[in-house]
Amino acid sequence: MDLTLTPEHEMIRQAARDFAEQEIAPIAAAHDETGQFPAATIQQMGRLGFMGLEIPEEYGGAGLDTLAYVLAMIEICKVDAAHGTIMSVNNSLVCHALYKFGTEAQKQRYLRPVASGQKIGAYSLTEPMSGSDAAAMQSRAVRAGDDYLITGRKSWVTSAPVADYILLFTMTDPAQGARGISAFIIETDQPGFTRGKTEPKLGIRASATSEIVFDGYRCPAANRLGPEGQGFKIAMAVLDAGRIGIAAQALGIAEAAHAASVSYARERQAFGSKIGAFQGIQFKIADMRTRIEAARLLIYQAALAKERSKATGERYTQAASMAKLFASETAMFCAHAAVQIHGGLGYSKELPIERYFRDAKITEIYEGTSEIQRLVIARQELGLR
Ligand code: CAA
C-alpha cells in the first residue's frame, strides 16, 4: 500500500500551508486574545475554495476529495485551530449535509453561497438539556399549513453569531423519540430567530459560539432537509463526516505542539547540554511522533472510507469515530507534553504552546465526546446498531 500523496494532494496541502503561514499566523494570537471572529481571513479562505472543498464546482465548491479536505484542515489547524473549527463546520457539517440530503432548489439557494464562502453556515443539534443524548431535545417544530412554527433554545452552536444559515434539528413528533426529529434550513435574518448568549470559551476563542432562540420562527416546509422524522439520522450521518474534520483539526494541533517541542529541545540548554539529549525529553518526543503517525493513518483510512461511500452509500461511522477518538486524545497528549517540555515558557502567552493546550481540549468534547466515540465504536463492534 503506497501512502505517497499525489501531486494534486501535495498542491492543496502546500496551498493551505502557505495561506495559514502567511495570512493566519500573524493574526492568530490576537484573535485568540480578543475572541474576535476572523472575518477577513475566513472570506479569503472562501475565495480560495477552502469553505466547500468537497462540493462540486457547479454548486460553488472546489470539487476535491475527502483526503484533500483533511490535508487542508491539518495545515490550517497547525497554525490556528479556531480557523479550522469554522472551516470544518462549514465544510463537513453544513455543505456536506446540503449536498447529500438537499433538493436541487435547496442546493442552488443555500449550498452554492455557503460552499463558495459568501455565506457562513452553522449546525445546531445540542440544547441546554441535551448534549450527548442528542435525541432528548425539547425544541419543537409544529406544522402550520405550508410552514412549520419553531420554538425552543439550542446551545453550543459553532459560528451561530455570524451564520447566515443554520441547519437545525428539532422535534416534529415527540412521541416518536429519535424518529420524530426533522432537519430544517434556517435563515437567520427572519423574525422569530434571535441569538442568545455567546459562550466565553477556554480555547478556539476566535470561533464564535452562541445559543440561538426560536420563538414562533416560521420555516417554510420547502426548507425541511430530508423527509419528516429523518432528522436524527441526517444529524448522525453528517456527524460522521464532521468527526473526520475534527480528527484532522486535532492532528494539526498535535503536529504544531510536536514541532515546537522538537525545535525547543534542540535549542534549550540545561545541566550542560541540550535538553533533547535527555531521555525524559526524548521519550516524550518519540511518543508524540508515534501517536501522530498512528492518528494520521486512522484519519486517512476514515477519509478513504468516506470517499468510497460517495459511490456506495456505505456508512463509515466506526472509521470516523476511531479517527476522532484517537486524534483528539493525541492532540491532548501532545499539547500536554509540549507545555511540560517548554516548562514556564509553555505556560506563558509569549508562545502559542498554551493555546495549543487550550485548543486541544475541545476536540475531545465537541461533535461527540471521547466517551460517545467509544460507545459508537463498541456498538458497531458488537453489532448492536
Ligand atoms: N448514520 C446514520 N444513521 C444513524 C447513525 C449514523 N452514524 N447513527 C445512528 N443512526 C440511526 C440508527 O440506525 C437508528 O435508526 P433506526 O431508528 O432506524 O433504528 C437511529 O439513528 C437512532 O440511533 P440510536 O438508537 O443509536 O440513537 P441513540 O439515541 O442511542 O444515540 C448516540 C446514539 C451515538 C449516543 C448519538 O446520540 C450521538 O452521537 N450523540 C452525540 C451527539 C453529538 O455528537 N453532539 C455534538 C453536536 S455538534 C457540536 O458539537 C457543536 C458544533 O457546532 C460543532
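A salt bridge here is a side-chain nitrogen of Lys or Arg within 4 Å of a carboxyl oxygen of Asp or Glu. Keep that in mind as you begin the tour. The model is predicted, so local features need pLDDT of at least 70 and side-chain atom pairs count only at pLDDT 80 or more, while totals for chains, interfaces and linings use all residues. Residues are numbered from 1 along each chain as its sequence is written, and side-chain values use heavy atoms, with hydrogens and water left out.

**Stop 1: Arg355 and Asp80**

Select Arg355 and Asp80 to see a salt bridge whose closest N and O atoms are 3.3 Å apart. Arg355 lies in helix α10, whereas Asp80 sits in the loop between α3 (66–79) and α4 (81–101), so the pair ties together parts that are 275 residues apart in sequence. Helices in this tour are DSSP runs (H or I, at least four residues), numbered from the N terminus. Are the two partners buried or exposed? Arg355 is buried, with a relative accessible area of 8%, and Asp80 is buried at 3%. Buried means under 20% relative accessible area, exposed over 50%, and partly exposed in between (1.4 Å probe, protein chains only).

**Stop 2: Arg358**

Stay in helix α10, residues 353–363, and pick Arg358. Its relative accessibility is 11%, so Arg358 counts as buried. A polar atom of the Arg358 side chain lies 2.9 Å from the backbone oxygen of Leu202. Now show what surrounds Arg358: beyond its neighbours within four places in sequence, Arg358 is in contact (heavy atoms within 4.5 Å) with Asp32, Leu202, Gly203, Arg205 and Lys349.

**Stop 3**

How many salt bridges does the structure hold? There are 21. Glu199 is buried at 11%, whereas Lys197 is partly exposed at 48%.

Next, select Lys310 and Glu307, whose side chains meet in a salt bridge of 3.0 Å, N to O. The two are three residues apart in helix α7 (residues 279–312), so about one helical turn separates Lys310 and Glu307. An α-helix has 3.6 residues a turn, so residues three or four places apart point the same way. Lys310 is partly exposed at 45%, and Glu307 is partly exposed at 27%.

For a group view, highlight Arg17, Glu75, Lys78, Glu255, Arg289, Glu293 and Arg296 together: salt bridges link them in a network.

**Stop 4: the nonpolar cores**

A nonpolar core is a set of buried Ala, Val, Leu, Ile, Met, Phe, Trp, Tyr and Cys residues joined through side-chain atoms within 4.5 Å. Which residues of the largest core touch the most other members? Among its 75 residues, they are Ile24, Met45, Phe50, Val70 and Met87. Elements giving two or more residues to this core include α1 (7–34), α2 (39–47) and α8 (317–342), and α6 gives the most, with 15 residues.

Zoom in on Ile24: leaving out residues up to four places away in sequence, Ile24 touches Phe19, Thr41, Met45, Ile76, Val79, Asp80 and His83. Another core, of 28 residues, lies apart from the largest one, and its members include Leu93, Cys95, Val114 and Ile234.

**Stop 5: helix α8**

Finish with α8, where 20 of the 26 residues are buried, so this helix is largely enclosed by the rest of the structure.

Key. A polar contact is a pair of N or O atoms within 3.5 Å; within protein, one must be able to donate a hydrogen and the other to accept it, and residues adjacent in sequence count only if both atoms are side-chain atoms.
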